[in-house]
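Work through these exercises with the sequence and the 3D view side by side. Try each task before you read its solution.

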Amino acid sequence: MTPQTHFLARLFAHRTKLLQSVLRMSSTASPEKSDNLTQQFSDRLFDCAATGKVDEVKSLLGGAVSKDSKNERGWTALMFAARNGQLPVIEVLVEKGCDVNIMNASGQTALDIASFWNHTDSAAFLQKHSTHSPFDQAINYYSQNPLYRASELRKNAEWLEAAVQKENTKFVVFASDLRPFFIKGEGNRFRLAVMNHTQLSSCLAKKPDVVFLGLEAWDPHSSAWFALKLHDGEEDLCKEHNPNGYFAELFPRSRDVMMLEDTHAGIFAEAHSVLQWLDRYRFCPTCGTSTQIAEGGYKRVCDDKECRSLKGVHNTCYPRVDPSLIMLVVSPDNKRCLLGRQTRFPPKMYSCLAGFMEPGECIEDTCRREVQEESGVKVGRVEYHSSQPWPFPATLMLGCIAHARTEEIQIDPEELEDVRWFSRAEIAQMLAARHPDGLFLPPPTAIARQLVMSWVTRTANL
Ligand SMILES: NC(=O)C1=CN([C@@H]2O[C@H](COP(=O)(O)OP(=O)(O)OC[C@H]3O[C@@H](n4cnc5c(N)ncnc54)[C@H](O)[C@@H]3O)[C@@H](O)[C@H]2O)C=CC1
Ligand SMILES: [Mg+2]
Ligand SMILES: [Mg+2]
Ligand SMILES: [Mg+2]
Ligand SMILES: [Zn+2]
């Protein structure tokens with residue numbers, strides 16, 4: 001510290017003390033005056049946080065100023081420090097108990113702000129103390145399958161047969177109507193109930209539909225995971241081994257299917273989509289003859305040796321995935337976003353527009369077509385964000401940010417009952433569940449919400 005800055009620091013510390021004593025005195029005087037002084041302290045705290053004056057920040061926090069006080073845009077001292085990457089100030093503020101998870105009026109946390117401005121050290125520090133995940137690490141529900149699929153082993157019938165018999169092999173089971181067998185997990189989450197070969201020997205003897213899901217490690221000796229579809233009447237056997245287990249409803253879908261522990265949600269997505277496909281393709285779509293399961297459940301082969309499906313590549317022989325687009329449309333000035341309501345949504349919920357890809361379309365085509373069909377808005381640039389398997393039965397949601405060229409709305413009443421533009425402030429209220437009309441967004445397990453959060457946090461809006 002130069003003598004000059006030392007002098008200035010002492011001078012300001014002196015002024016601060018003086019102000020604090022005035023503030024204490026004035027608390028018994030006019031409330032208006034006291035508010036004014038509190039404001040001055042907060043403003044000074046914001047300044048010091050933004051410019052890295054650690055000692056003064058400490059001194060101000062020791063006085064009458066509230067550590068999480070906000071300016072008119074909902075910015076806290078921690079956010080000002082994060083804006084300029086003032087790591088020593090951030091460390092002091094966090095140590096003094098400032099709330100890392102507070103969002104400003106634009107729905108941004110201090111971590112979002114540090115990440116946006118590329119202050120990597122500050123962002124890493126805030127991430128450690130935050131329960132809010134940063135925008136560039138969106139991980140969608142159903143997308144965290146930890147298994148190594150080891151697709152090369154699917155063709156090895158001998159290995160598969162031996163793997164089914166091994167004691168360390170794990171089976172996740174589904175009822176004959178494909179309801180999954182769950183048990184309670186951590187907190188309010190659920191897990192797939194895992195069973196072994198011995199417990200399931202009587203079911204396995206009857207040659208059920210079985211899918212090889214993958215290995216626990218990149219090693220053929222590690223535990224293999226299989227999905228098994230029970231025959232009618234075998235549910236009780238599973239309950240005998242897992243007295244707390246139960247078969248979760250899928251039609252209508254029970255909430256528990258959206259409450260699985262993250263890795264089990266990923267395993268469920270694979271297992272359920274492939275079992276659904278095996279169930280629906282019992283007969284060859286090319287000639288109508290019966291088919292047999294092959295390659296660990298990842299192929300169906302027509303029983304008619306002359307069938308065209310046995311020559312060349314035929315997509316009916318392999319599990320299907322239906323790509324669909326889900327997009328957050330943002331206005332030309334990037335200040336608003338477009339959300340819509342299907343009649344089947346819960347009252348007051350708004351979500352992103354979405355639509356299935358059609359043959360011969362690229363992602364950009366589908367995005368522009370669906371947005372125009374459903375809302376009349378024309379889209380220009382399309383940015384890919386992230387994707388989410390949606391295993392009912394096998395959709396892949398491709399999440400995009402779509403940049404609108406026009407704003408006029410013309411709703412397709414066949415599909416949507418309302419479509420409208422939402423300001424950033426309104427979105428922040430919806431994210432915080434504080435919208436004055438009670439409007440809300442889908443839960444964090446929906447990619448739609450991740451797209452909205454990403455837009456809100458990615459934009460500087462300063
Ligand atoms: N997570 C979220 O917030 C939202 C998710 N979605 C999901 O996005 C997906 C597509 O959105 P939609 O608006 O329903 O699509 P959409 O806008 O293309 O309209 C659905 C219609 O498309 C036709 N269609 C074409 N190909 C289809 C296929 N492979 N499977 C089923 N129907 C097909 C059917 O006639 C269907 O009624 C759905 O899986 C839906 O559940 C939709 C809106 C919000
Ligand atoms: Mg749609
Ligand atoms: Mg549509
Ligand atoms: Mg469509
Ligand atoms: Zn055939």
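## Exercise 1: A zinc site

At 3% relative accessibility, Cys307 is buried. The model is predicted.

**Task.** Which atoms coordinate the zinc ion (ligand 5), and what is the arrangement of the 4 donor atoms?

**Solution.** 

Step 1. Find the donors. They are the SG atoms of Cys284, Cys287, Cys302 and Cys307, at 2.2 to 2.4 Å from the zinc ion (ligand 5).

Step 2. Read their spacing along the chain. The pattern is C-x2-C-x14-C-x4-C.

Step 3. Cys284 sits in the loop between helix 11 (262-280) and strand 8 (291-294). Cys307 sits in the loop between strand 9 (299-302) and strand 10 (322-330).

Step 4. Check burial. Buried means under 20% relative accessible area. Cys284 has 6%, so Cys284 is buried. Cys307, at 3%, is buried too.

## Exercise 2: Two magnesium ions

**Task.** Which residue coordinates both the magnesium ion (ligand 3) and the magnesium ion (ligand 2)?

**Solution.** 

Step 1. List the donors of the magnesium ion (ligand 3). They are OE atoms of Glu370, Glu374 and Glu415, at 2.1 to 2.5 Å. Their spacing is E-x3-E-x40-E.

Step 2. Locate two of them. Glu374 lies in helix 12 (residues 363-375), and Glu415 lies in the loop between strand 14 (395-404) and strand 15 (418-423). The pair therefore ties together parts that are 41 residues apart in sequence.

Step 3. List the donors of the magnesium ion (ligand 2). They are Ala354 (O), Glu374 (OE) and Glu415 (OE), at 1.9 to 2.1 Å. Here the spacing reads A-x19-E-x40-E.

Step 4. Locate Ala354. Ala354 belongs to strand 12 (residues 353-356) and is 20 residues from Glu374 in helix 12.

Step 5. Compare the two lists. Glu374 coordinates both ions, which are 3.2 Å apart.

Step 6. Sort the residues by accessibility. Glu374 has 1%, so Glu374 counts as buried. Glu415 is partly exposed at 30%. Ala354 is partly exposed at 23%.

## Exercise 3: A phenylalanine in a strand

**Task.** Is Phe171 buried or exposed, and which residues does Phe171 touch?

**Solution.** 

Step 1. Find its place. Phe171 is in strand 1 (residues 170-174).

Step 2. Read its accessibility. The value is 0%, so Phe171 counts as buried.

Step 3. Look around it, leaving out residues up to four places away in sequence. Phe171 touches Val164, Ala193, Val194, Met195, Asn196, His197, Leu200, Leu204, Phe226 and Leu228.

Step 4. Take one of these contacts, Leu228. Phe171 and Leu228 are 57 residues apart in sequence. Their C-alpha atoms are 6.5 Å apart in space.

## Exercise 4: An asparagine in a loop

**Task.** Which backbone oxygen lies 2.9 Å from a polar atom of the side chain of Asn140?

**Solution.** 

Step 1. Find the loop. Asn140 is between helix 7 (120-128) and helix 8 (157-165).

Step 2. Check burial. The relative accessible area of Asn140 is 2%, so Asn140 is buried.

Step 3. List its contacts, leaving aside neighbours within four places in sequence. They are Ser386, Ser387, Gln388, Ile447 and Gln450.

Step 4. Pick out the oxygen. It is the backbone oxygen of Ser387.

Conventions. Residues are numbered from 1 along each chain as its sequence is written. Chains are lettered from A and ligands numbered from 1 in the order in which they are written. This is a predicted model: local features need pLDDT of at least 70, side-chain atom pairs count only at pLDDT 80 or more; totals for chains, interfaces and linings use all residues. Side-chain values use heavy atoms; hydrogens and water are left out. Helices (H or I, at least four residues) and strands (E, at least two) are DSSP runs, numbered from the N terminus. Buried means under 20% relative accessible area, exposed over 50%, partly exposed in between (1.4 Å probe, protein chains only). A polar contact is a pair of N or O atoms within 3.5 Å; within protein, one must be able to donate a hydrogen and the other to accept it, and residues adjacent in sequence count only if both atoms are side-chain atoms. Contact means heavy atoms within 4.5 Å. Donors are N, O and S atoms within 2.8 Å of the metal (3.2 Å for Na, K and Ca); water is not among the atoms, so sites may look incomplete.
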